[in-house]
Amino acid sequence: MFARALSRFAAMLALALLAAAPLTSAARAPGIPPGAFVALSYHEVPEDGPREAAPGAGRYGVEVSALVAQFSWLRENGYRPVSLSEIAEARAGGKPLPPKAVLLSFDDGYADFYHRVYPLLQLFRYPAVIALVGKWMDAPAGTQVDYDGRPMPREAFLSWAQVREMAGSGLVEVASHSYDLHRGVRGNPQGNLQPAATTRIFDPASARYETDEAWLGRVRADLERNSALIERETGKRPRAVVWPYGRYNGALQQVARELGMPMMLTLEGGPNLAGAPLDRIRRIIVEFNPELGAFVDEIEQVWPEDPQRVVHVDLDYVHDPDPEAQERNLSALLDRIQAIRPTTVYLQAFADPDGDGEADALYFPNRHLPMRADLFNRVAWQLETRVGVRVYAWMPMLAFRLPDGHPARDDLVQAVRGEAGSSYRRLSPFSARARATIRDIYEDLGRHAHFAGLLFHDDGLLGDREDASDAALAVYRERWGLPASVDAIRADAGLAGRWADLKTDWLVDFSRELADAAGRFTAPLKTARNLYAAPVLDADAKAWFAQSLPAFLRGYDHVALMAMPYMEGAAEPRRFLSSLVEAVAAQPEGLKRTVFELQARDWRGRREVPAAELAAWIRQLELAGATNVGYYPDDPHAGVPALGALVPAFSVRSLPQP
């Protein structure tokens with residue numbers, strides 16, 4: 001059989017070489033730096049033509065002729081597919097990877113891998129990884145497999161005899177894709193089905209979630225069962241796990257390591273740089289049966305990263321004690337975000353009905369504050385899966401109003417006696433009890449929701465007359481070598497400058513602890529942090545806030561700069577915005593990683609900023625070189641800002657393609 005297959009693919013190869021050659025260009029810069037590699041994620045490989053009857057027909061199908069063309073292009077342009085063994089050896093300090101290294105991986109264990117991909121691997125002498133779901137492999141011949149909610153014949157997937165043959169060739173390595181985690185489970189009271197590996201199952205009968213122990217025990221048993229199955233059938237335990245749906249977190253990574261799988265494949269895009277850990281291997285999904293040119297653009301990263309368009313949403317607008325009214329509010333929000341088409345939504349995860357910026361309650365189960373409603377996970381999941389936006393959980397850093405009797409309730413940031421501090425009532429970041437409480441809250445957020453990133457609220461500041469709490473003064477004296485007196489520190493310009501730097505770094509470090517706490521249960525997480533305009537425009541203002549643009553660019557993936565002219569009392573808003581862009585542009589990667597967050601409401605004048613004015617600001621920022629733009633707030637109830645004027649200026653659909 002393979003003789004006929006190889007002959008057929010050889011003929012296809014000749015045609016593919018003709019197609020691949022015109023795309024070769026000496027001027028095209030490779031997207032893979034030295035020592036790095038790119039990993040590709042494939043799924044189904046059907047025959048050319050109609051694919052309605054195939055198990056993965058549609059988004060993830062790549063026709064065999066397209067795969068031949070892609071393999072041919074890789075070979076003709078100097079790319080070298082490598083094995084997991086070569087990658088592991090290079091990372092361990094052995095033989096380095098060749099230039100333009102590529103890892104080929106195929107998920108789900110389709111039978112067409114044996115019939116169509118394996119002959120190509122033999123023809124090209126390319127190694128590859130296959131990821132197998134144990135429950136599908138265990139199904140008896142002639143039965144149906146529950147393929148993500150769709151019944152599929154067992155024969156649509158590989159047999160163990162085929163797997164053993166391919167593994168014995170030395171070209172194919174078998175990875176675990178879990179035994180039965182490639183499915184959805186109920187993840188909230190509203191009934192959303194979410195990835196089984198990372199989701200605590202919600203039981204509507206008891207109105208309770210799985211405990212950490214039950215969840216980890218379920219996942220551990222599943223991964224161990226699949227490893228044992230693969231070892232029994234192939235004689236070798238897998239050393240790599242391919243996370244179903246690309247979803248994983250820190251706790252799952254630890255379980256995989258303990259089970260002998262230190263290599264973990266995700267669905268995050270981009271190259272795997274030299275020295276990057278192998279427990280989060282990035283992969284580019286090859287989907288929609290791409291034309292060869294589109295495939296090349298993905299490999300060589302011709303297109304720059306999409307500009308960010310951010311809508312900042314109050315979940316308080318969605319919440320309603322009446323479940324039906326709340327669902328109507330959610331539908332209205334989804335329709336509105338669909339019309340705006342941002343890339344990202346900063347979604348409030350805390351309740352602030354009085355608008356003072358302090359979390360009175362939370363929108364997720366937690367150990368320390370009242371839960372206003374179990375709502376954040378529901379809305380974040382609907383925004384991601386129905387509208388296709390990235391969702392960042394918008395959370396305070398310090399401004400949590402803990403209930404009466406809580407041990408850390410009064411561990412507050414304190415101003416010097418007789419001086420005014422910030423308008424925010426905040427827990428002190430120097431109090432061990434307060435820090436532990438806030439870490440718990442972030443851990444609970446990660447435990448009970450799926451989201452892409454964190455936005456740290458603008459309450460993360462320490463003025464030049466605070467923190468004078470006992471816990472803070474002890475840190476100044478014992479760890480920083482400063483006087484245990486804010487007045488004494490401020491009396492010496494040198495000490496005051498050092499104090500401001502240390503407080504700035506202290507807050508950045510604490511926020512990274514919070515991101516790690518959330519990331520234990522939901523990873524990977526991007527981070528962004530609100531930054532006031534004053535520290536960007538006035539060097540002295542760093543001391544007023546313990547905030548700094550250079551420090552934030554070092555500490556976070558993005559800086560959400562509050563480019564709000566009326567809030568800052570700017571007499572000339574356009575001049576104010578121009579000054580901000582100029583100051584940000586002076587920082588390395590400043591424009592690339594700063595989101596200019598405009599105001600859609602003039603809080604001092606108690607009026608809405610007209611959408612036409614907001615659109616004019618957006619155009620001004622873009623013409624000045626700003627890449628990423630957002631606004632706050634978006635009010636779906638009032639329909640503000642008006643979409644007719646906003647969308648043409650705001651949506652990435654209106655931007656010229658590079």
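Okay, let's start with a word we'll need: contact here means heavy atoms within 4.5 Å. The thing on screen is a predicted model, so local features need pLDDT of at least 70 and side-chain atom pairs count only at pLDDT 80 or more, while totals for chains, interfaces and linings use all residues. Residues are numbered from 1 along each chain as its sequence is written, and side-chain values use heavy atoms, with hydrogens and water left out.

So, two helices to begin with. Helices (H or I, at least four residues) and strands (E, at least two) are DSSP runs, numbered from the N terminus. Which residues in H4 meet H6? They're Phe113, Tyr114, His115 and Tyr118, and on the H6 side you'll find Gln162, Glu165 and Met166.

Now the geometry. The axes of H4 (residues 112-124) and H6 (residues 160-168) come within 10 Å and cross at roughly 20°. Axes are lines fitted to C-alpha atoms, for helices over the stretch in contact, and angles run from 0 to 180 degrees between N-to-C directions. H4 and H6 are therefore roughly parallel to each other; angles under 35 degrees count as roughly parallel, over 145 as roughly antiparallel, 65 to 115 as roughly perpendicular and the rest as oblique.

On to charges. How many salt bridges does the structure hold? There are 49, each being a side-chain nitrogen of Lys or Arg within 4 Å of a carboxyl oxygen of Asp or Glu.

Take Arg59 and Glu287, whose closest N and O atoms are 2.6 Å apart. They sit 228 residues apart, Arg59 in the loop between S1 and H2, Glu287 in the loop between S14 and H9. Arg59 is partly exposed, at 42% relative accessibility. Buried means under 20% relative accessible area, exposed over 50%, partly exposed in between (1.4 Å probe, protein chains only).

Next, Arg520 bridges to Glu443 at 3.4 Å, N to O. Here the pair spans 77 residues, with Glu443 in helix H12. Arg520 is partly exposed at 37%, whereas Glu443 is buried at 15%.

Last pair: Lys542 and Asp501, at 2.2 Å between the closest N and O atoms. Lys542 is in H17 and Asp501 in H15, so the pair ties together parts 41 residues apart in sequence.
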